[in-house]
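Dear colleague,

I am handing over the structure below, with some notes on what was found in it. Please read the notes with the structure open beside them.

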Amino acid sequence: MTLESLLLSQDAEVVRVLRPTLEKLSIEVEICQDAKKASEILISEKFDAVIVDCDDLKGGLAVLECLRATPSNRNSVAFAVLNGRKTTMQDAFGMGVNFVLQKPISSLNAARCFHAALSFMERERRRYFRQPVKMLVKIMLGDKEIKGTSTNVSEGGMALTLHQALPKGAMPRLQFTLPETKLALDVETDVAWADIKGHVGLRFKNVPKSSQELLEKWLSQQMEQLAGAKKKDAGADSETIQ
């Protein structure tokens, strides 16, 4: 699984140490040296990790303070890089930071920090990921059954197109089998959103642990396949350019 990170810093030594450390963990790195530009990027793009040089970059601390208010990155794993003279670790954690790196940063300390954060980043990627998938779904409303077709599924819910509208206040139960598997799931939901064209978003709730694990495993496999396809396409494009 290839993860993506944004590193906001003008410190050449920070970039020199962190970039190869992240890349060894299959974490792509986008470098930004301007706080205003970073704020714009964080509004429009999604990152699994956001690393901010808080003390030695003008406006860096403000970017970190506003990070949790950005819709796309409010749950991204956040790292604060401190110089030991301005922002304290307590201040950083109070702003929602998950991990702190103190300057001067060694390759060993950076590796330990990002290794510790890796599972959090992968979990956030899977939670955010939505797999486009078209499959038949049974929607159980007490003794009544209606049918729908999924458009995408995530760890937390599913979007569908229904063959008839849900009654107001419905809390449907979904029954479906994930494509190319024998993984039949039966989950409770509530309605997250709906439109007048029959499209609805249903949020999973009270999912049995075994079903949750099956769904997470399947989504991880889809993400790996997607990442592999992107790498293959990138390689083909490179050969074409050459």
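In which sense do E7 and E10 pair, and over how many bridges? The two strands pair in the antiparallel sense over three bridges, where strands (E, at least two residues) and helices (H or I, at least four residues) are DSSP runs numbered from the N terminus, and two strands count as paired if DSSP finds at least two bridges between them. Methionine 140 stands opposite arginine 173 in E10.

Before going further, please note that this is a predicted model, in which local features need pLDDT of at least 70 and side-chain atom pairs count only at pLDDT 80 or more, while totals for chains, interfaces and linings use all residues. Residues are numbered from 1 along each chain as its sequence is written, and side-chain values use heavy atoms, with hydrogens and water left out.

The protein chain has six helices and 12 strands, and its C-alpha trace spans about 65 × 45 × 35 Å along the principal axes. Of its 242 residues, 44% are buried, meaning under 20% relative accessible area, with exposed being over 50% and partly exposed in between (1.4 Å probe, protein chains only). Among contacts (heavy atoms within 4.5 Å) between residues at least 6 apart in sequence, 56% join residues at least 24 apart.

E7 also pairs with E8, in the antiparallel sense over six bridges, and leucine 141 has lysine 144 in E8 as its bridge partner. These two strands form a hairpin with two residues between them, and glycine 142 in the turn has a positive phi of about 65 degrees.

The largest nonpolar core has 25 residues, and those with the most contacts inside it are Ile139, Met158, Leu166, Leu174 and Phe176; a nonpolar core here is a set of buried Ala, Val, Leu, Ile, Met, Phe, Trp, Tyr and Cys residues joined through side-chain atoms within 4.5 Å. Among the elements that give two or more residues to this core are strands E7 (136-141), E8 (144-154) and E10 (173-177), as well as helix H6 (209-241), and H6 gives the most, with four residues. Leaving aside neighbours within four places in sequence, leucine 174 is in contact with residues including Val137, Ile139, Met158, Leu185, Leu202 and Phe204. A second, separate core of 24 residues includes Leu3, Val29, Ala49 and Phe114.

Strand E1 (residues 3-8) is largely enclosed by the rest of the structure, because five of its six residues are buried. E1 pairs with strand E2 (residues 27-32) in the parallel sense over six bridges, and glutamate 30 in E2 is the bridge partner of leucine 6.

Helix H5 (residues 107-128) has 22 residues and reaches 30 Å from its first C-alpha to its last, close to the 32 Å expected at 1.5 Å a residue, the expected span being 1.5 Å times one less than the number of residues. There is a kink of about 40 degrees in H5, centred on leucine 118, where the bend at a residue is the angle between axes fitted to the seven residues ending there and the seven starting there. The buried residues of H5 include Phe114, Leu118, Glu124 and Arg126.

Lastly, glutamate 155 lies in the loop between E8 and E9 and counts as buried, because its relative accessibility is 14%. Not counting residues up to four places away in sequence, glutamate 155 touches Arg126 and Arg127, among others including Phe204, Gln212 and Leu219.

With best regards
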